[in-house]
Amino acid sequence: MGTGAGQGLFLGWQRVTVETIDLDVAGVRVLNRRLQGRDEPVAGRRFVVTNAKGRHALAVGLTEAMDVRIRGHVGYYCAGMNRKADVIVEGNAGTGVAENLMSGTVRVTGDTSQSAGASGRGGLLVIEGSASARCGITMKGIDIVVGGSIGHMSAFMAQAGRLVVCGDAGAYLGDSIYEAELFVRGRVESLGADCVEKDMDERDTEALQALLERAGLAADAGEFRRYGSARQLYNFRVDNAAAY
Amino acid sequence: MCGIVGLYLKNPALRPHLGRLFSPMMGEMTERGPDSAGFAVYREEGGRDEAKVTVCSVAPGYDWPGLAQEAGEALGAEAVAEAASNHAVLRASVDAGKLRDWIEAAHPELSVTSSGSALEIYKDVGLPMDVLDRFGVSQMAGSHMIGHTRMATESAVTTAGAHPFNTGDDLCLVHNGSLSNHHRLRDWLREQQGVRFQTDNDTEVAAGYLTWRIGEGASIAEALEAGIRDLDGFYTFAVGTREGFSVLRDPIACKPAVMAENDDWVAMASEFRALACLPDVEAASVWEPEPGKVYSWGGSA
């Protein structure tokens, strides 16, 4: 199997065993089979994954609450479709990290490539570094908090959820956005079609501060600007319903 | 799809091991491009005055010593040929352009894959590791290499359609992506600027375009920046030069690229897993190149 029980850790009253999975020995299929709990229960367990080496599709499709810590840079679609689990990547992540996240948290200590959190429906994605293009594309309820900056076409067709950027945002932010909320502390290179700056009241600031704290990023919510949909595109005009 | 990789060794002590460090990078990119592979190696043994031209014969068992002797007699300089699989490197103390022109005129059955004084280009159809083994890459020494694993989309799977493409003396190009205006640009370069093309490949058009720009006096960086305007399509380019290499992604940046650097080397690849085998990579700085920005190492700008 290539998976082995490591030394036990005492966490409060409960003794939790850390299971280490070395990808050079186990390979990606064995890892995912184990983390998906297909052979034995995984709820409440802790895992450390070593020798990631940029491999794709690590820790995907998890359905139980557990801690997974991946050491090193990961490839595409890491922690995709995750439900309940908390996954930490100690390094950078490739395309589509936490795509279609349902719940739980995914934290990346480095940078991410394009389409981070794509189509995510829930849960929290924290990127401590920066994210490149198309961060939060078609997000549907996920919260994404980025410590650094994001690239162009981020939150394209974003439908629900929140995208928080402590640095700058690239061109065409929030193009064709629906109901998602975007918060940017730094400069926005340009806004996409139908995306506009919106007022930020006390309730918005409080909610954002709570989200920043949950993400573990020290930033003052009062320094952010809020963006969202102007609701002027074709789909928002009730008159167009008559065409069908 | 295609995979591209580049490795430049800053630390001269590593240069005898260039091929051994480079081979697994190419191997990791097999899934991105399993139909053919090619690579450019920069190694300067004879100095700048010695011309080095790499040629490829589709027919097996080519008489390379005979070709060297004939070239020597025609050009009035001693020429030697060193064979590697179906390629050979011809060396002579003449101008590289002269040697290339002579081969192309006298031996149309051969294709010239590179010319210059440091550059050699080898390419063939087959799985990347098989292609590398055929040319004995793991034994190669040098300062830098760039390579390509191909999944063909715009033209046939042939040796000539494999990358890298030579773009002038000691210059070459590898490409992940596809260009959409290559037909008209090829016609314009051929008819208006006299650029020669060997294939229907879109990347060869980008190579011809860079050759033309550089011939007009542009630096590599200037030629690539002009390419952002004139080349329509998706691309991550890696350009090899005598001194190092440059990387450019198109402004939309659908095609991936990742770079890494430490005190000993600088490397680029389509995916990080191709860099994971490099020594001390976990402590190296690793980042994704920004769209529409030219990155250069080793004085190649």
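What share of the contacts in chain A with a separation of 6 or more comes from residues 24 or more positions apart? In this predicted model, such residues account for 24% of those contacts.

**Figure 1. Overall dimensions of chain A.** The C-alpha atoms of chain A fill a box of roughly 60 × 45 × 30 Å along the principal axes.

**Figure 2. Secondary structure of chain A.** Chain A contains two helices and twelve strands. Along the sequence, these elements follow the pattern β-β-α-β-β-β-β-β-β-β-β-β-α-β.

**Figure 3. The nonpolar cores.** The largest nonpolar core comprises 71 residues. Those with the most contacts inside this core are A:A59, A:I70, A:L125, A:I144, A:V146 and A:L163. Neighbours within four places in sequence aside, the contacts of A:L125 are A:A98, A:L101, A:V106, A:A116, A:G117, A:G120, A:I142 and A:I144. A second, separate core has 70 residues, including B:I4, B:L21, B:Y42 and B:Y122.

**Figure 4. The two domains of chain B.** Domain 1 of chain B covers 3-43 + 126-296, and domain 2 covers 45-117. Their C-alpha centres are 23 Å apart. Domain 1 of chain B contributes 13 residues to the contact, and domain 2 of chain B contributes twelve residues. On the side of domain 1 of chain B that touches domain 2 of chain B, four residues are nonpolar, four polar and five charged.

Terms used. Residues numbered from 1 in each chain as written. Chains lettered and ligands numbered in written order. Predicted model: local features only at pLDDT ≥ 70, side-chain atom pairs only at ≥ 80, totals over all residues. Core = buried A, V, L, I, M, F, W, Y, C linked by C-beta atoms within 7 Å. Buried ≥ 20, exposed ≤ 12 C-beta atoms within 10 Å, placed from the backbone. Contact = placed C-beta atoms within 7 Å. Domains from an automatic or database assignment. Nonpolar A, V, L, I, M, F, W, Y, C, P; charged D, E, K, R; others polar. Helix = DSSP H or I, 4+ residues; strand = E, 2+ residues; numbered from the N terminus.
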